Every structure is written in C-alpha cells, then in structure tokens.
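Below is a short report on one protein model. The sequence and the structure come first, and the notes follow.

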Amino acid sequence: SKTYVNNRQFTEALDHSRTEFGAALLVRAMPKTYATLTARQYGYDYTEASSTKDSQETYLLAGLRWNVSALTTGRIGFGYQTKEFDDATGPAKYSGSTWEGSLNWKPLFYSTFDLATQKRTEESTGAGDFVVNQTTQLAWTHIWGSRITTVVTAAQSKDKYSGTNRVDETSTGGVRLLYAVQRWLKFGADYAGSIRESTDDNFDYRRN
C-alpha cells in the first residue's frame, strides 16, 4: 500500500495498493544447477475511483540457478510479460521481453563482486502511463585487513515512459569506506554521484 503524505492536490491520484503472488518450479539439471520456471502476477489498484490505471501484470520466465561452489552463486531468468489495464478506456495493453538475474562471485574470501540486472515495467509517478525500466548494478566489496572495508558501486538504468516520447538514462557510482573501531562499532564515509540525461531537458540533473 502506497500513500503520499504531501502535495495532495498532485499526489492523491497516485495512491495505490499492489497484490503479488507467484510460484517457481526448480528441476535439478546438474548437482549444483537447477533449471527454473517462474510465474508471477501483480495487481495494481488505485485509490481514486476515477483512475484508469488499475492493471494486472503477468510474468513468465525460464532460467537457471546455480551454486557451483562457495565462490560463485547466481540466477538468471528470461521471459515474457504483459500489463493489461482493467478500464477499456485506459492505456493500451503492453507486452514485451523481461529478465532478471544476479551473480555473486567471491574470487577471494575477502573480496566479493555482486552483479544484478532486470527489465520490467514500473508504475509511473506522473509522466506517461507506466515506465519500462532496464537496470544493471555492480558492487565490489573488499576487506582490507581487520579494520577497513571498502564498497565500490556502479549502475546504469534506462526508463522509457509509455504514452510519451520521454526516455531517461541514469548513470550512478559511489564509494564507501568503513573503519571498525570495535567489532560492534564502525565509522564510515560515503560518496555517491548520479547523472540523468533525458529526452526532456527539464529532467536532466547531476547529483552528488
């Protein structure tokens, strides 16, 4: 359930609830590898009675999950999704490819890489009827001795707003330094920056 608490003259129409259910079938293909089949559905119900954005999203994905060793675990799924609106006068039905995946690689016991990627639809917060999002994220965590840990992150995302010509591309990056004073107490410093470039120049920004 999502309810906005300020600027109600603009945000009241965006209040909605989401219901989710799904199931996954795993079949052992190798000792530490499973073939997967996943079905999932989301239902969006907007509070405003006159809203035409109530919808049902359906996802069907086939893929793999593996745990080759303590060094490498991951999952990947590719498939098809639809988004169908309840109101016949609402936005047009959407259908297209979808994917989701993650990889954890630990080449050394003190160094870990995490990669995540997805493509799916998301609800719009004003522009367009909904958003088709593609995101890829990478994080590197490294432990430098008994006290110092660093985390370096990078991400790239692309948002296409249906019903408009707007496309946003956002690049983000950051670094975090943690210092353990005691096992139960850490101090840290963090920097993060992002750049968004949009086909609508009003939405370009740089943030640090």
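Leu 61 touches Thr 36, Leu 37, Thr 38, Arg 40, Gly 77, Phe 78, Gly 79, Thr 98, Trp 99 and Glu 100, leaving out residues up to four places away in sequence. Contact here means heavy atoms within 4.5 Å. The model is predicted: local features need pLDDT of at least 70, side-chain atom pairs count only at pLDDT 80 or more, and totals for chains, interfaces and linings use all residues. Residues are numbered from 1 along each chain as its sequence is written, and side-chain values use heavy atoms, with hydrogens and water left out.

Leu 61 also belongs to the largest nonpolar core, which has five residues; the others are Tyr 42, Tyr 44, Tyr 46 and Tyr 59. Such a core is a set of buried Ala, Val, Leu, Ile, Met, Phe, Trp, Tyr and Cys residues joined through side-chain atoms within 4.5 Å. Buried means under 20% relative accessible area, exposed over 50%, and partly exposed in between (1.4 Å probe, protein chains only). Two or more residues of this core come from each of β2 (33-46) and β3 (55-67), and β2 gives the largest share, three residues. Strands are DSSP runs (E, at least two residues), numbered from the N terminus.

## The sheet

Eleven strands make an open sheet in the order β1-β2-β3-β4-β5-β6-β7-β8-β9-β10-β11, with antiparallel pairing. Two strands pair if DSSP finds at least two bridges between them. β1 (16-30) and β11 (205-207) stand at the edges with a single partner strand each, so one side of each has no neighbour in the sheet. From one strand to the next the twist averages 10°; axes are lines fitted to C-alpha atoms, and angles run from 0 to 180 degrees between N-to-C directions.

Strands β4 (residues 72-85) and β5 (residues 94-108) run antiparallel and are joined by twelve bridges. Gln 81 stands opposite Gly 96 in β5.

## Hairpins around β8

β7 and β8 pair in the antiparallel sense over 14 bridges, and His 142 has Thr 150 in β8 as its bridge partner. Three residues lie between the two strands of this hairpin, and Gly 145 in the turn has a positive phi of about 80°.

Ile 148 stands opposite Tyr 179 in β9. The hairpin of β8 and β9 has five residues between the strands, with Gly 163 in the turn at a positive phi of about 80°.

Ala 154 lies in strand β8 (residues 148-161) and is partly exposed, with a relative accessible area of 40%. Leaving aside neighbours within four places in sequence, Ala 154 is in contact with Thr 136, Gln 137, Leu 138, Thr 172 and Gly 173. The C-alpha atoms of Ala 154 and Glu 100 are separated by 18 Å, with the two residues 54 residues apart along the chain.

## Buried polar residues

Asn 133 is found in strand β7 and is buried, with a relative accessible area of 5%. The side chain of Asn 133 makes a polar contact with that of Gln 118 at 3.3 Å, and another of 2.7 Å with the side chain of Asp 159. A polar contact is a pair of N or O atoms within 3.5 Å; within protein, one must be able to donate a hydrogen and the other to accept it, and residues adjacent in sequence count only if both atoms are side-chain atoms.

Ser 198, in strand β10 (residues 185-198), is buried at a relative accessible area of 9%. Its side chain makes a polar contact of 2.6 Å with the side chain of Asp 168.

## Aromatic pairs

The structure holds six aromatic pairs. Rings of Phe, Tyr and Trp (its six-membered ring) pair if their centres lie within 6.5 Å; planes under 30 degrees apart count as stacked, over 60 as edge-to-face and the rest as tilted. Phe 109 and Tyr 110 form an edge-to-face pair, 4.9 Å centre to centre with 85° between the planes. Phe 109 is exposed, with a relative accessible area of 70%, whereas Tyr 110 is partly exposed at 30%.

Phe 113 and Trp 140 are stacked, 5.9 Å centre to centre with 10° between the planes. Phe 113 lies in strand β6 (residues 111-123) and Trp 140 in strand β7 (residues 130-144), so the pair ties together parts that are 27 residues apart in sequence. Phe 85, Tyr 94 and Phe 130 form one aromatic cluster.

Note on methods: Helices (H or I, at least four residues) and strands (E, at least two) are DSSP runs, numbered from the N terminus.
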